[in-house]
Each structure stands twice: as structure tokens, then as C-alpha cells.
Amino acid sequence: MTGAQTLFESLRSLIFETAHETEGVGALTESLKWGEPSFAPARPRVGSSVRLAIRDDDTVAMLFICHTNLVDRFRELYPETFAFDGNRALVFKTGNAIPAAETKHCIAMALTYFRNRTKASQPI
């Protein structure tokens, strides 16, 4: 297994671990979108999908739906923690430690995106 494949598997495990630990997410479905593994809550309207892609430069991208504000929010919260690719992805380099707590927070924000957006728009 290459370093990028090992990193990919670590990130995949982190996605499932985060889903298990995050209230309201429940089970995940795993499918292929654009030829890349995609993970999303099995129940509809809970959260957005998270995709993983091994890139040619020995990095792994954790991709989010670009019309959400998720990556912009991650950039605000963790400007020095992650490498970013536009408004689509966090980029992880082989050989670097995964910032687990921060990555799990970003994953949880994605997996609860619709649920939290709906709650935020409800009147008090």
C-alpha cells in the first residue's frame, strides 16, 4: 500500500468514526461520485456528502459540495491548520500528521450541514 493509500484509509476511517460520534448523523452510505468514494448520511436532509480522492501529487483531497459555504467556514476556523483547494477541498499530504480533532470537526459540520442550516433558520 502506498503512502497516499494509507492516508486515504486513515481519512476514510475518520469519516466513519466522526459519523458514529456525531449526534443525529446515523449510518453513512458509501457510493461513487465522479469515480471517487463519497460518504453521506443515509437519512435524507441531514448532511452533505464528503468525498475522498487520491491525487497524482501524493496528496489526498477531502472534497465538499462547492455551493455550500463549508470550505470557507473551515478556512475561517482553521486558516493555519489545513491546505485548501478553492472552495472545494481540504488537502492532506502524505507523511504529515492528520490534525484529527480539527478534521473531525470539519467532517461533522459537513455531515450535519442541512440539519444545522435548518435549525439556524428557524425563529426563536
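**Entry 1: salt bridges**

How many salt bridges does the count come to? I began there, keeping in mind that this is a predicted model. The count comes to 7 salt bridges, and I followed up three of them in these notes.

I went to Glu17 and Lys104. Their side chains meet in a salt bridge, at 2.7 Å from N to O. Glu17 sits in helix α1 and Lys104 in helix α3, so this pair ties together parts that are 87 residues apart in sequence.

Next I checked how open each partner is. Glu17 comes out as partly exposed, with a relative accessible area of 35%. For Lys104 the relative accessible area is 17%. The cut-off for buried is under 20%, so Lys104 counts as buried.

Then I asked myself: with which residue does Lys104 form a salt bridge, the closest N and O atoms being 2.7 Å apart? I had already noted Glu17 at 2.7 Å, and here I found Glu21. Lys104 is in helix α3 and Glu21 in helix α1, so this pair links parts 83 residues apart in sequence. Glu21 is partly exposed, at 49% relative accessible area.

I turned to Asp72 and Arg75, whose side chains meet in a salt bridge at 3.5 Å, N to O. Both residues lie in helix α2, 3 residues apart, which is about one turn of the helix. Asp72 is partly exposed, with a relative accessible area of 40%. Arg75 also counts as partly exposed, at 31% relative accessibility.

**Entry 2: Thr18**

While in helix α1 I stopped at Thr18, which lies in that helix. Is Thr18 buried or exposed? I find it buried, with a relative accessible area of 2%. Leaving aside residues up to four places away in sequence, Thr18 touches Lys104, Ile107 and Ala108.

**Entry 3: the nonpolar core**

I looked up the largest nonpolar core next. It has 28 residues, and those with the most contacts inside it are Ile15, Leu52, Met62, Phe64, Phe74 and Leu90. The elements that each give two or more residues to this core are the helices α1 (3-21), α2 (70-77), α3 (100-111) and α4 (113-121), along with the strands β3 (50-54), β4 (59-64) and β6 (89-93). Helix α1 supplies the largest share, 6 residues. As a general reminder to myself, nonpolar side chains tend to be buried together in soluble globular proteins.

**Entry 4: the hairpin**

Last, I looked at strands β1 (residues 28-33) and β2 (residues 36-41). They pair in the antiparallel sense over 6 bridges. β1 and β2 form a hairpin with 2 residues between them. In the turn, Trp34 has a positive phi of about 55°.

Definitions and conventions: Residues numbered from 1 in each chain as written. Predicted model: local features only at pLDDT ≥ 70, side-chain atom pairs only at ≥ 80, totals over all residues. Heavy atoms only, no water. Core = buried A, V, L, I, M, F, W, Y, C linked by side-chain atoms within 4.5 Å. Buried < 20%, exposed > 50% of the residue type's maximum accessible area, 1.4 Å probe, protein only. Helix = DSSP H or I, 4+ residues; strand = E, 2+ residues; numbered from the N terminus. Salt bridge = Lys/Arg side-chain N within 4 Å of Asp/Glu carboxyl O. Pairing = 2+ DSSP bridges. Contact = heavy atoms within 4.5 Å.
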